[in-house]
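I opened the notebook to record a few look-ups, residue by residue and then for the whole protein. The entries follow in the order I made them.

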Amino acid sequence: MAASQLTASSVSVSARNLVSFEGLKPSAVKFASFGVLKPGGLSQRSFQGLVVQAATVVAPKYTSIKPLGDRVLVKIKTVEEKTGGGILLPSSAQSKPQGGEVVAVGEGKSIGSKTLDIIVKTGAKVVYSKYAGTEVEFNGESHLILKEDDIVGILETEDIKDLKPLNDRVFIKVAEAEEKTAGGLLLTEASKEKPSIGSVIAVGPGPVDEEGNTKPLSISPGNTVLYSKYAGNDFKGSDGSNYIALRASDVMAVLS
């Protein structure tokens, strides 16, 4: 039985007689609507609702992009094509980058009669949420237009452990997974449960209320916390340690 996986919408289609996707370029594909799929029941008409989404290409006649409001234009970091040992990676193994350089910012976020300036500045190296923003191709390079709130933090060095979180984000070093069961049995990598506990490395300044005032977070660096299992964005440090950046609202408790 052949299987076809559509990446962006996490929809998997399995059938005996899949039609070919002739002419479609690799990109995000999603279904407008589908009923119950039965093996052998797909036809050409079944795919009339397909919408193909790719990066918007900005024509060469346009020489600049000016984000509006609280939006930011980020030039996406180039995907690594080799491992640290120099081995070429196939396209499927190249991890999608979650970082880049800010090249333009909007005028700021309007709250009531106030306009709050955007915190990040042009030239800053930032890390953003995995599925945030709209990708555009400009001057032959990949860019992302996203809201400032989708930026997780600012990278002041090349190592993720030095991330400076923004707004209500909390940056946590994940606790090591248990190597053994309570009975002393060694656990394989596949059977190790992903921990939801870690030590807070850094916190953002806090959210901004309707009057434009910043409310500090109740979580502090050094706290050991319990957080929601499927929240945030995961990162791997150069030392092999696991880190996660998430919103303060996804932290459920402080442990002591």
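Entry 1, a loop residue. I looked up Gln 98 and found it in the loop between E6 and E7; strands (E, at least two residues) and helices (H or I, at least four) are DSSP runs, numbered from the N terminus. The model is predicted: local features need pLDDT of at least 70, side-chain atom pairs count only at pLDDT 80 or more, and totals for chains, interfaces and linings use all residues. Residues are numbered from 1 along each chain as its sequence is written, and side-chain values use heavy atoms, with hydrogens and water left out.

Is Gln 98 buried or exposed? Gln 98 counts as buried because its relative accessible area is 16%; buried means under 20%, exposed over 50%, and partly exposed in between (1.4 Å probe, protein chains only). I then listed its contacts (heavy atoms within 4.5 Å). Leaving out residues up to four places away in sequence, Gln 98 touches Val 126, Val 127, Tyr 128, Ser 129, Lys 130, Asn 233, Asp 234 and Phe 235. With Asn 233, the side chain of Gln 98 makes a polar contact of 3.2 Å. A polar contact is a pair of N or O atoms within 3.5 Å; within protein, one must be able to donate a hydrogen and the other to accept it, and residues adjacent in sequence count only if both atoms are side-chain atoms.

Entry 2, the sheet. I noted that E6 (residues 71-76) and E7 (residues 99-105) run antiparallel and are joined by 5 bridges. Two strands pair if DSSP finds at least two bridges between them. Ile 76 has Gly 100 in E7 as its bridge partner. I traced an open sheet of 8 strands with mixed pairing, in the order E5-E11-E12-E6-E7-E10-E13-E14. Its edge strands are E5 (56-57) and E14 (163-165), each pairing on one side only.

Lys 121 is in the loop between E9 (114-116) and E10 (125-128). I recorded Lys 121 as exposed because its relative accessibility is 52%. A polar atom of its side chain lies 3.3 Å from the backbone oxygen of Ile 118.

The protein has 20 strands and 0 helices. Of its 256 residues, 32% are buried. Among contacts with a separation of 6 or more, 59% are between residues 24 or more positions apart.
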